[in-house]
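Please read them with the coordinates open beside you.

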Amino acid sequence: MGRRLGELLHSGLTPHKLALTFCLGIAIGVLPVLWGTMILCAVCGHIFRLNHVALQAVNYLAYPLQIALFIPFCLLGSKLFPWGPAIPPELLATLLHGHLTTSMNLLGWITVKAMAAWLITAVPLAVSLYLPLIMLFRRRVTPTVN
């Protein structure tokens with residue numbers, strides 16, 4: 001892993017940018033929306049001048065987490081923000097078998113609540129991981145003198 005990390009750093013990623021790549025890629029990768037994470041990563045990569053390939057790779061690696069955390073984000077969002085229609089326990093069945101307008105309305109509320117839960121959990125976690133990752137990458141990539 002150290003050699004590959006070194007190769008990434010020599011391709012224009014400093015420990016700071018590599019840590020930012022990991023934090024942004026994971027935070028955006030677990031975003032509870034079923035579309036758009038690739039576009040958001042591209043925009044963030046452009047804004048922060050990050051390696052797009054590395055950022056997209058981290059985003060794609062976080063995809064199983066996105067699927068695993070989708071329902072927990074929905075449930076946390078509905079507990080923290082109880083306004084709007086109630087999210088039924090049989091969430092997927094309601095979305096699949098309901099009328100189109102009812103399903104779209106419910107999906108909209110679910111997404112808003114899940115995004116709010118994501119904002120108050122995933123974003124602070126990514127920010128808190130930034131400095132430890134910088135220190136880790138500095139240690140991993142610092143050449144050793146023999």
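1. Does Thr 37 count as buried or exposed? In this model, which is predicted rather than determined by experiment, Thr 37 counts as buried, because its relative accessibility is 13% and the cut-off for a buried residue is under 20%. Thr 37 belongs to helix H3, which covers residues 37-48. When its neighbours within four places in sequence are left aside, the residues in contact with Thr 37 are Ile 28, Leu 31, Asn 59 and Gln 66.

2. As for the overall fold, the protein chain contains seven helices and zero strands, so that, read from the N terminus, the order of its elements is α-α-α-α-α-α-α.

3. On surface and burial, the protein chain has 146 residues, of which 37% are buried. Its accessible surface amounts to about 9400 Å², and carbon and sulfur atoms account for 73% of that area.

4. The cysteines deserve a separate point. How many disulfides does the structure hold? The structure holds zero disulfides. Cys 41, for its part, is in no disulfide, and the nearest cysteine sulfur, which belongs to Cys 44, lies 6.7 Å away, whereas a disulfide would require a pair of cysteine sulfur atoms within 2.5 Å. Cys 41 counts as buried because its relative accessibility is 1%. Cys 23 is likewise buried, since its relative accessible area is 9%, a value that falls under the 20% cut-off.

5. Not counting residues up to four places away in sequence, Pro 85 touches Leu 106, Trp 109 and Lys 113. For one of these, Trp 109, the separation from Pro 85 is 24 residues in sequence and, from C-alpha to C-alpha, 7.3 Å in space.

Terms used. Residues numbered from 1 in each chain as written. Predicted model: local features only at pLDDT ≥ 70, side-chain atom pairs only at ≥ 80, totals over all residues. Heavy atoms only, no water. Helix = DSSP H or I, 4+ residues; strand = E, 2+ residues; numbered from the N terminus. Buried < 20%, exposed > 50% of the residue type's maximum accessible area, 1.4 Å probe, protein only. Contact = heavy atoms within 4.5 Å. Areas by Shrake-Rupley, 256 points an atom, 1.4 Å probe, with all protein chains shown as cover.
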